[in-house]
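Here are a few notes to read alongside the coordinates.

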Amino acid sequence: MIQLTPTQITILTAAAKRPDGNIEPLPDNINAGIKPRVIQGLLTRELIIANENGHAIAPLGYQAIGLEPEPKTTNAEARANLREGTKQARMIALLQSPEGASIEDICQETGWQKHTVRGVFSNTLKKRLGLTLTSYKNEGQPRHYRIQQEVAQ
């Protein structure tokens, strides 16, 4: 069993609750003056790892607080799990067509309001599924959006 200080337990527990596992921002009850020393201690014991966003809880960190790491779903796995015939699937099909689709076209197809379509663009398509949306506007036409096709490397 790994011995942890109350501060280390608080930081690791807060990180374990976050979807990305990042330890920052530190919980409010943690003194910022001890941050470098606590982080170095967690790094040395391999309870956290450095990543592009700072530091995240490592598998050993989850074990130290008695939790199992959440399995991470990749964007490709999320795309593979899309159900056929849903409003989201119909929207993606419209956006994959060569001419793309306007927000009005998507509203008509799905019955959603414009703010809902924009929210799905931002949260579901870009963040959760990792798709890249492009847009263009022809003279006298509404703005059209389409999913940029991934190029195999």
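Where is E46 found? E46 is in the loop between α2 and β1, the strand of residues 48-51. Please keep in mind throughout that this is a predicted model.

1. **Backbone at E46.** This residue deserves a look in your viewer. The phi angle of E46 is positive, near 60 degrees, and the residue is not a glycine. E46 has a relative accessible area of 55%, over the 50% cut-off, so E46 counts as exposed.

2. **A cis peptide bond.** The bond joining E24 and P25 is cis, with omega at about 5 degrees. P25 belongs to the loop that connects α1 (6-17) with α2 (35-44). E24 returns in point 6.

3. **Overall make-up.** The chain holds 7 helices and 5 strands. Read from the N terminus, their order is α-α-β-β-α-α-α-β-α-α-β-β. Of the 153 residues, 33% are buried. Among contacts with a separation of 6 or more, 49% are between residues 24 or more positions apart. The accessible surface comes to about 10100 Å², and carbon and sulfur atoms account for 50% of that surface.

4. **Helix α1.** Does the span of this helix agree or disagree with its residue count? With 12 residues at 1.5 Å a residue, α1 should span 16 Å, and its end C-alpha atoms are 17 Å apart, which agrees. Q8, I11, L12, A14, A15 and A16 are the buried residues in α1. Their packing partners are α2, β1, β2 (54-57) and α3 (59-64).

5. **Helix α5.** Within residues 87-96, which form α5, the buried positions are Q88, M91, I92 and L95. Viewed down the helix axis, these buried residues fall within an arc of 100 degrees, so they line one face of α5.

6. **Salt bridge K35 to E24.** The count of salt bridges comes to 3. One of them joins the side chains of K35 and E24, at 2.9 Å from N to O. This pair links distant parts of the chain, with K35 in helix α2 and E24 in the loop between α1 and α2, 11 residues apart. K35 is partly exposed at a relative accessible area of 26%, and E24 is also partly exposed, at 32%.

7. **Salt bridge R90 to E109.** Here the closest N and O atoms are 2.9 Å apart. R90 sits in helix α5 and E109 in helix α6, so the pair ties together parts 19 residues apart in sequence. Both ends are partly exposed: R90 has a relative accessibility of 30%, and E109 has a relative accessible area of 36%.

8. **Salt bridge K114 to E104.** The side chains of K114 and E104 meet at 3.6 Å, N to O. K114 is in helix α7 and E104 in helix α6, and the pair links these distant parts of the chain, 10 residues apart. Are the two residues buried or partly exposed? K114 counts as partly exposed at 42% relative accessibility, and E104 counts as partly exposed at 38%.

Methods. Residues are numbered from 1 along each chain as its sequence is written. This is a predicted model: local features need pLDDT of at least 70, side-chain atom pairs count only at pLDDT 80 or more; totals for chains, interfaces and linings use all residues. Side-chain values use heavy atoms; hydrogens and water are left out. Helices (H or I, at least four residues) and strands (E, at least two) are DSSP runs, numbered from the N terminus. Buried means under 20% relative accessible area, exposed over 50%, partly exposed in between (1.4 Å probe, protein chains only). The arc is that of the directions from the helix axis to the C-beta atoms. Contact means heavy atoms within 4.5 Å. Accessible areas come from the Shrake-Rupley method with a 1.4 Å probe; for residues, only the protein chains shown count as cover. The expected span of a helix is 1.5 Å times one less than its number of residues. A salt bridge is a side-chain nitrogen of Lys or Arg within 4 Å of a carboxyl oxygen of Asp or Glu.
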